Amino acid sequence: MEHEARATEGDGGGASRGWATGLSVTGAAVLFLMLRLFAITRYDWHTAFAIVDTIQFDDAPSVVLGTLMADQVISGSVLMLLLPFAVVRQTRFGLRDRSHDGHLAWLITLVVATLALVVTYRAWWLLGGAAVIAAVLVVLLRTRDRGGGRTAVLWIMRQIGVLTVLAALVIAATVRTPWVPLERIATKAGVIQGYVLETPSGYLKVLSRDEREMVIVETSDVTSRHECEDERC
């Protein structure tokens with residue numbers, strides 16, 4: 001029975017793994033960027049269209065990291081839930097099991113993102129919460145009851161790759177703070193508070209903080225730029 005249970009745990013399902021891998025490499029990156037565009041523009045089609053050319057597919061890694069750091073509460077909560085499942089799953093199979101390299105990659109991704117949040121925001125609550133959840137998972141997995149909580153834990157561990165991708169897309173769609181810092185830009189015509197999304201030669205493309213509209217400013221009109229420490233700059 002134990003052997004069968006372990007076989008079930010190890011089998012994430014070929015179709016499921018293929019869907020997760022394919023989406024993470026291609027479609028997930030495009031979908032993530034699209035959701036970010038709509039989220040930061042408050043789902044305004046015209047504004048999203050105006051800034052679509054400010055990001056490229058190669059910008060995906062920086063956009064992902066910037067998104068995680070933009071709202072530490074939402075991102076931290078999601079990571080606090082996913083990380084324990086990934087750690088416990090990898091521990092059960094061992095780091096030497098080459099058949100689970102894909103899951104090890106997900107674990108490394110989650111760990112790096114978690115450390116980035118903790119170091120940046122001193123979010124120790126994230127590590128504490130993840131440790132508590134991990135302890136609960138270990139207890140549930142050690143129970144002899146094959147149903148209930150143990151079954152749910154095993155299912156989540158089998159689908160950790162897919163769930164991580166879905167969690168990233170949820171974050172992309174809900175975090176409305178852009179992936180770049182807020183700036184106070186003084187110009188000859190006045191002051192603009194917004195997010196500089198692109199700096200083509202001679203211009204700044206700025207997403208205004210309150211109206212969430214695209215503003216194009218000539219660099220010759222800019223008298224000063226200051227990065228804001230919070231939303232009250």
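Is Phe49 buried or exposed? Phe49 is exposed, with a relative accessible area of 62%; exposed means over 50%, buried under 20%, and partly exposed in between (1.4 Å probe, protein chains only). The legends below concern a predicted model, in which local features need pLDDT of at least 70, side-chain atom pairs count only at pLDDT 80 or more, and totals for chains, interfaces and linings use all residues. Residues are numbered from 1 along each chain as its sequence is written, and side-chain values use heavy atoms, with hydrogens and water left out.

**View 1. Overall fold of the protein.** The protein has 9 helices and 5 strands, taken as DSSP runs numbered from the N terminus (helices H or I, at least four residues; strands E, at least two). Along the sequence the pattern is α-α-α-α-α-α-α-α-α-β-β-β-β-β. Of the 233 residues, 41% count as buried. The protein exposes about 12700 Å², with 62% of it supplied by carbon and sulfur atoms; accessible areas come from the Shrake-Rupley method with a 1.4 Å probe, and for residues only the protein chains shown count as cover.

**View 2. Surface patch at Phe49.** Phe49 lies in helix α3. Together with Trp45 and Val52, Phe49 makes a nonpolar surface patch of about 390 Å². Patches are made of residues with over 30% relative accessible area and no salt bridge; nonpolar side chains (Val, Leu, Ile, Met, Phe, Trp, Tyr) are joined within 5 Å, like charges within 9 Å. A salt bridge is a side-chain nitrogen of Lys or Arg within 4 Å of a carboxyl oxygen of Asp or Glu.

**View 3. Surroundings of Thr41.** Thr41 sits in the loop between α2 (14-40) and α3 (45-51). Thr41 is buried, with a relative accessible area of 2%. The side chain of Thr41 reaches the backbone oxygen of Phe38 at 3.2 Å. Beyond neighbours within four places in sequence, Thr41 is in contact (heavy atoms within 4.5 Å) with Thr47, Ala48, Ile51 and Arg212.

**View 4. Nonpolar cores.** A nonpolar core is a set of buried Ala, Val, Leu, Ile, Met, Phe, Trp, Tyr and Cys residues joined through side-chain atoms within 4.5 Å. The largest has 26 residues, of which Leu82, Phe85, Val88, Leu110, Leu141, Val153 and Met157 touch the most other members. At least two residues of this core come from each of α5 (72-93), α6 (101-121), α7 (124-142), α8 (149-158) and α9 (160-174). The largest share, 8 residues, is from α5. A second, separate core of 21 residues includes Ala28, Phe32, Ala172 and Cys228.

Note on methods
A polar contact is a pair of N or O atoms within 3.5 Å; within protein, one must be able to donate a hydrogen and the other to accept it, and residues adjacent in sequence count only if both atoms are side-chain atoms.
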